[in-house]
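Student: Hi! I'm new to this one, could you walk me through it?
Tutor: Happy to, let's look together.

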Amino acid sequence: MADSKVDTEAGTVWQAACEVLRDQVTETVWGSTFQELTATGIDDGVLTLSVPSQVLRQRIEQRYVGLIEAVLADVGHDGLNVLLEVDIA
């Protein structure tokens, strides 16, 4: 049961961040980069996001992690770091 609570909390945090993030990037960037990300958990100050491919993970790490963390701070989660995990399923 604890896992579903974490997933719910992570999902709520990520949803709030997405509402702001979507206004910060173009529709093309949103669709190609962020639309398929899902929050899988929050633990010890780290929000874990699932990404569908290694290529997308690298793109986000190189270009957007700082933006994501800034948006998380804007929605009340200052200091929350982002971990990207590739979901190969």
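Tutor: One term before we start: two strands count as paired if DSSP finds at least two bridges between them. Also keep in mind that this is a predicted model.

Student: Got it. What is the order of the strands in the sheet?
Tutor: The order is β1-β2-β3, in an open sheet of three strands with mixed pairing. The edge strands, each pairing on one side only, are β1 (38-43) and β3 (81-86). From one strand to the next, the twist averages 25°.

Student: And β1 with β2, is that pairing parallel or antiparallel?
Tutor: Antiparallel, over five bridges.

Student: Okay, what about β2 and β3, parallel or antiparallel?
Tutor: Those two pair in the parallel sense, over six bridges, with β2 covering residues 46-51. Leu47 turns up again here, with Val82 as its bridge partner in β3. Ser50 stands opposite Glu85 in β3.

Student: What holds paired strands together in general?
Tutor: Strands of a sheet pair through backbone hydrogen bonds, either parallel or antiparallel.

Student: Why is β2 described as largely enclosed?
Tutor: Five of its six residues are buried, so β2 is largely enclosed by the rest of the structure. Buried here means under 20% relative accessible area.

Student: Switching topic: which strands does helix α3 lie across?
Tutor: Helix α3 (residues 54-63) lies across β2 and β3, and it runs at about 160° to β3. Helix α4 (residues 65-74) packs on the sheet too, touching β2 and β3, and its direction makes about 130° with that of β3.

Student: Which residues of α4 are buried?
Tutor: Val65, Ile68, Val71 and Leu72 are buried in α4. Looking down the axis of α4, its buried residues fall within an arc of 125°, so they line one face of the helix.

Student: Last one: what follows α4?
Tutor: Gly76 follows α4, and its phi is positive, near 95°.

Key: Residues numbered from 1 in each chain as written. Predicted model: local features only at pLDDT ≥ 70, side-chain atom pairs only at ≥ 80, totals over all residues. Heavy atoms only, no water. Helix = DSSP H or I, 4+ residues; strand = E, 2+ residues; numbered from the N terminus. Axes fitted to C-alpha atoms, helices over the stretch in contact; angles between N-to-C directions. Contact = heavy atoms within 4.5 Å. Buried < 20%, exposed > 50% of the residue type's maximum accessible area, 1.4 Å probe, protein only. Arc of directions from axis to C-beta.
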